[in-house]
Amino acid sequence: MKRLLTLLLVALMLCTLACQPTPEDDVVVNKGEGVFEQRIEEAQEREGYQVLAPTQDASVPILEQPPYEHPSRWEEYIEYSNFDVTISADIEVAGDAYPVVGVRTSDFAEKEGEILRILETLIPDAEGMRNGIYTYEDYASRIEILSLGRFDSDLMKYVEYDEEERIDAEKEMAELYEEMKLLPHEEDFVDFSGFVTAVGSQTSYLTSEGKRWYVTITENGFSVSQGKGGVYPEDYYINVSPAQPGQPQPTPYPNIMISQEEAKTYAEDFLKQGAETPWAILKAEPAGMLKYSFNAEETADRTETQGYLVTCARRIGEVSLYTDLSSGGSARLHFDEALYSVPLETETLSLFVDENGVYGMWWNNPIEAEETVANNIELLPFEEIQRIFRQTLKNGLSWSEEVEAYRVDGELIPSRRGYVEKIELSYVIVQEKDKSGYYLMAPAWMFYYMTGIERETNEDGFSIIAINAVDGSRIEL
């Protein structure tokens with residue numbers, strides 16, 4: 001519901017800018033089919049194109065171009081007949097060269113070597129193994145919890161089932177009991193004979209120190225962790241640990257025994273040692289590893305360990321990152337049909353780090369970088385990007401309507417008001433023209449846009465308006 005509200009608000013906020021000191025002529029936002037490909041061909045001609053590995057060797061020369069000129073900050077107030085937008089943001093540009101990399105969808109059946117390298121890095125002293133992750137004891141614990149009744153999150157305790165709930169719980173317990181009879185016990189490991197890297201496998205490993213690691217490999221997902229539960233960022237702790245009336249909210253994850261910088265260092269060391277794919281760290285946020293089974297009456301027992309969830313992104317060349325889209329959505333404008341879209345899932349890599357190092361890793365929707373199709377493509381001048389963005393706002397906000405939303409004190413929050421407080425030159429994936437299943441990682445300007453309601457209530461964070469930095473076309477994320 002929040003995301004729907006966000007998209008509706010963006011749609012109506014990108015729509016009413018009817019009179020700013022606009023350019024003398026309307027800017028054509030989408031420059032026409034084939035312009036991006038033409039710019040790639042021009043770059044290839046300049047460079048004497050040859051197929052290069054996506055992790056470009058430093059010995060391969062990159063033709064120098066003049067440094068990309070841009071202001072360090074954009075400050076502007078744009079007022080239209082029934083809408084206004086405040087732009088107040090640093091302009092983040094990394095590096096001097098902007099390659100374009102050809103990629104395709106992949107799966108973990110193609111990545112046995114990289115899976116093995118990661119497992120050998122995280123579990124270097126494995127001495128026992130077994131098939132499967134869940135054990136007899138896991139199911140017994142689940143049955144025990146079901147027998148306690150229904151957990152009431154308001155009262156923070158278990159209460160008796162009503163008759164219908166009791167029948168359902170007894171049925172579930174009976175099914176679990178039948179399944180658990182076929183499962184191994186927690187200590188049922190055999191001598192280690194090598195890591196299993198096959199797609200469709202679930203395997204547990206025991207180290208010489210007594211640590212247990214749980215590995216799951218599917219076609220599109222690879223996880224290896226010391227915990228069976230999920231990782232929850234900082235807001236979860238507050239949600240499950242409500243303060244008593246009149247008391248302050250609890251500190252998110254008070255038992256973290258590591259600093260944010262130490263967590264990033266652990267993550268960087270692992271990426272250097274265990275990863276073949278070039279990754280870079282985007283952010284690290286407090287989080288906890290929730291137990292697979294736990295006593296919900298004891299808040300302190302809800303997490304196996306507490307630390308930081310480190311979000312990583314694929315690195316392009318040596319400088320630019322594939323943008324983190326985890327906290328925002330695409331600003332799909334009412335009028336716009338973007339030339340380039342993203343019909344594949346976003347590749348993600350997350351690490352959970354505590355004071356002992358990397359506790360877990362989750363890699364989803366892998367892609368395969370196949371070639372560098374241009375070492376350093378020419379970008380549109382930033383002045384033109386600014387004109388295109390203003391026009392995008394004008395066209396998109398022209399039909400917005402007021403949405404009623406109120407502050408705590410009852411005052412109306414202006415909904416026909418927008419804010420841009422972050423601008424960065426990053427990378428997105430676009431589908432290459434006339435090549436099914438083949439894509440390009442292309443430089444793009446990312447404008448992080450918030451409505452007045454989003455900014456004041458901090459509900460869905462932001463939406464992203466992406467503009468191809470090469471040809472000025474809108475990109476749907």
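**Note on helix packing, cores and one loop**

1. Gly 210 lies in the loop that joins β8 (201-207) to β9 (212-217), where helices (H or I, at least four residues) and strands (E, at least two) are DSSP runs numbered from the N terminus. This is a predicted model in which local features need pLDDT of at least 70 and side-chain atom pairs count only at pLDDT 80 or more, while totals for chains, interfaces and linings use all residues. Residues are numbered from 1 along each chain as its sequence is written, and side-chain values use heavy atoms, with hydrogens and water left out.

2. Gly 210 counts as partly exposed because its relative accessibility is 39%; buried means under 20% relative accessible area, exposed over 50%, and partly exposed in between (1.4 Å probe, protein chains only). The C-alpha atom of Gly 210 is 9.4 Å from that of Glu 127, although 83 residues separate the two along the chain.

3. Helix α4 (residues 136-147) and helix α5 (residues 163-180) cross at roughly 165 degrees, and their axes come within 9 Å; axes are lines fitted to C-alpha atoms, for helices over the stretch in contact, and angles run from 0 to 180 degrees between N-to-C directions. The two helices are therefore roughly antiparallel to each other, given that angles under 35 degrees count as roughly parallel, over 145 as roughly antiparallel, 65 to 115 as roughly perpendicular and the rest as oblique.

4. On the α4 side, the residues that meet α5 include Tyr 136, Tyr 139 and Leu 146, and their partners in α5 include Met 173, Leu 176 and Met 180, contact meaning heavy atoms within 4.5 Å. The residues of this contact divide into nine nonpolar, one polar and three charged.

5. Helix α3 (residues 112-122) packs on helix α7 (residues 260-274) at an angle of about 130 degrees, with the axes 9 Å apart, and the pair is therefore oblique. Arg 117, Ile 118, Thr 121 and Leu 122 of α3 make the contact with Phe 270, Lys 272, Gln 273 and Gly 274 of α7.

6. The largest nonpolar core has 56 residues, and those with the most contacts inside it are Phe 36, Phe 389, Trp 445 and Phe 447; such a core is a set of buried Ala, Val, Leu, Ile, Met, Phe, Trp, Tyr and Cys residues joined through side-chain atoms within 4.5 Å. Strand β20 (residues 438-451) supplies the largest share of this core, twelve residues. A second, separate core has 35 residues, among them Ile 115, Tyr 205, Cys 312 and Leu 349.

Methods: Nonpolar A, V, L, I, M, F, W, Y, C, P; charged D, E, K, R; others polar.
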